[in-house]
Amino acid sequence: MTKTFRNKFLSLLAILLLVSGTSAQGQNPGAPFATLDATLDNPFLPVDEAYRQDLLLSGSQLSAIFEIAPEYYLYREKLALYRIDNGQKTELPLSLPSGKVIWDDYFEKETEVYRGQLEVPIRLAGTGKIVQLELHYQGCADAGLCYPPQTRHYSVDTVSGSIRMLEAPPPSTDTSNNNSFITLPLALLFAFAGGLLLNLMPCVFPVLSIKLLAVSQAAQSASQRHHHGWAYSAGVILSFVTIAAVMLVLRAGGEAIGWGFQLQSPWLVAALAYLFFVMGLSLSGVTELGSSLMGIGGHLNNGRGWRGSLASGALATLVASPCTAPLMGSALGFAVTQPAVPALSIFAALGAGMAAPFLLLTYLPALAEKLPRPGPWMDRLKQLLAFPMYLTAVWLLWVLGRQTGGDGVALALTGAVAIAFALWLWPRYQWRWLQGCVAAVALAFAVLLLPRLSTLPQAQQESSDYWQPYSAQQLDVARSEGRAVLANMTAAWCLTCLVNEQVVLSSGAVSRAIEQLGIVAFKGDWTNQDPHISALLAKYKRTSVPLYLLYPAGGGEAKVLPQILSRSELLAELEAAAQGGLSTSSTP
């Protein structure tokens, strides 16, 4: 982990120097890395010297040529080429040779790389005289520095054979599937409304039920309710801004991540499962650990109870972040294209919307009068509320199983047993020093299992029903054949996705329609990090799943379907797409 941290630190430092060098010098993309060399006094080459790229046109055959410096390598999965026609980008299929599979410390997985010289043939059938191309690539040095993703633009004259590198991308006139109609005030409004709707998502219910119990316990004092409401709201908003800031920094560093990225980490999923398990044990009366976190118990009359509400807000944000409510997609897609201050303000508005209903409840005197007074019934209610905690832990373990397979679930369950043993042991016997040591060892054992989860191989996702695994190449093939295509980008930790699949996409009517209409259906699983799905999300100005795309038969741009699907509306869209047309209505 130390080497991985060093690599990412160097890469983030390189990006900061890249930005500052570009502003100060106005040089080409490789120039700021010369500043990096001078600053750190190391042998890292400027990016354009580490990876010399060019296009070569021989007759009708166009090729991309890379000369990769010794002790540097290029990622296979980061290579992509787009053709730009009238401002619209279309990904071109690449016939890439096999590379060398290595363990990459930066992305913490096995990946395929190229060294030395690489030649990639490019097919330009059906293009005009002047072809605009956009080349994407990224690489690292063996010494530990990873460069940010690179983009180069070319203009190819297929008649004269001349090739010219452009200093800037061709001007875009494409207004489809983007957020050009959104302004900052509208994005703030969409984010606030999306935050309100997040409270209706099932992933937030367990935490909200805990907070309502806390309000009931504090019902005798209006000032206590107000303090808990503001503390909870502050926890939600600060957590949204913190997660957003981390996401934006990592995206700037070349990570292909989006909203909810933290649940793509198996060890964090397991840690959350442990947390909800401990909270359930606390509510069941096995231990008092977790009472301060949830803001319930005997600390409501002092500052510690408010800190519990603050922590509850942070926990609600962490659990709610995989959910994507209506209106959120456009707002967050707009946010990631903005500078830091406007972007973070949009995420703060999202948090404010999520916290607003609970804060409002603490200011309603009529509600306080209807709440029952504290009494023995609260102990029974606390025990009842333990079961949503256990169910949430079960759901997280299921997500972990989708990420790491049965081995990961077995490791996590072993850690859960160790935690339960430690909590059972903690208040028992007279030999407190001995019981404390044994409990600490058990807890340490559970914690040490978490890093092991990240080293397990990813579980293989298989196609089911009418779905085929998503790949950009297969999508291009289906579209080149003139077939209608339904693309479903989903994740195991996305509850909105799971509800849509169970209620709409897996229904018999939709299955029959897709089969009878000859529609090709692709499913992309974003449970684990996948840069190809991230690229598709970015293309349609989305930061997270679900993303549903419907391509009409015969060609044409995809329509972005609503994030909450309706069976009747989807059937109508499928029929229209099979006939070569789509309705013009859209959902933000």
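## A predicted chain, helix by helix and residue by residue

Buried residues (under 20% relative accessible area, with exposed meaning over 50% and partly exposed in between, for a 1.4 Å probe and protein chains only) make up 50% of the 588 residues in the protein chain. This is a predicted model, where local features need pLDDT of at least 70, side-chain atom pairs count only at pLDDT 80 or more, and totals for chains, interfaces and linings use all residues. Residues are numbered from 1 along each chain as its sequence is written, and side-chain values use heavy atoms, with hydrogens and water left out.

The protein chain has 19 helices and 17 strands. These are DSSP runs numbered from the N terminus: helices are H or I with at least four residues, strands are E with at least two. Contact means heavy atoms within 4.5 Å. Take the contacts between residues at least 6 apart in sequence: 72% of them join residues at least 24 apart.

### Two helix pairs

Axes are lines fitted to C-alpha atoms, for helices over the stretch in contact, and angles run from 0 to 180 degrees between N-to-C directions. Angles under 35 degrees count as roughly parallel, over 145 as roughly antiparallel, 65 to 115 as roughly perpendicular and the rest as oblique.

Start with helix α4 (residues 184-198) and helix α10 (residues 328-335). Their axes come within 8 Å and cross at roughly 135 degrees. That angle is why α4 counts as oblique to α10. The crossing of α4 and α10 is left-handed, a term for a near helix turned anticlockwise from the far one by less than a right angle (clockwise is right-handed). On the α4 side, the contact uses L184, A187, F190, A191, G194 and L198; on the α10 side, M328, S330, A331 and F334. These residues divide into eight nonpolar, two polar and no charged. Here Ala, Val, Leu, Ile, Met, Phe, Trp, Tyr, Cys and Pro count as nonpolar, Asp, Glu, Lys and Arg as charged, and the others, Gly among them, as polar.

Next, helix α17 (residues 508-517) packs with helix α19 (residues 567-578) at an angle of about 0 degrees, with their axes 10 Å apart. So α17 is roughly parallel to α19. From α17, A509, V510, A513, I514 and L517 meet R567, L570, L571, L574, E575 and A578 of α19. This contact has nine nonpolar, no polar and two charged residues.

### Single residues

| Residue | Relative accessible area | Class |
|---|---|---|
| T490 | 4% | buried |
| Q150 | 6% | buried |
| L92 | 7% | buried |
| K541 | 29% | partly exposed |
| E71 | 60% | exposed |

T490 is in strand β14 (residues 485-490). Beyond four places in sequence, T490 touches several residues, including C497, W526 and V545. V545 is joined to P546 by a cis peptide bond, with omega about 5 degrees. P546 is in the loop between α18 (531-539) and β16 (547-551). K541 lies in the loop between α18 and β16. K541 is not a glycine, but has a positive phi of about 55 degrees.

E71, also not a glycine, has a positive phi of about 70 degrees. E71 is in the loop between β2 (61-68) and β3 (72-75).

L92 is in the loop between β5 (88-91) and β6 (100-104). The C-alpha atoms of L92 and I122 are 7.9 Å apart, although 30 residues separate them along the chain.
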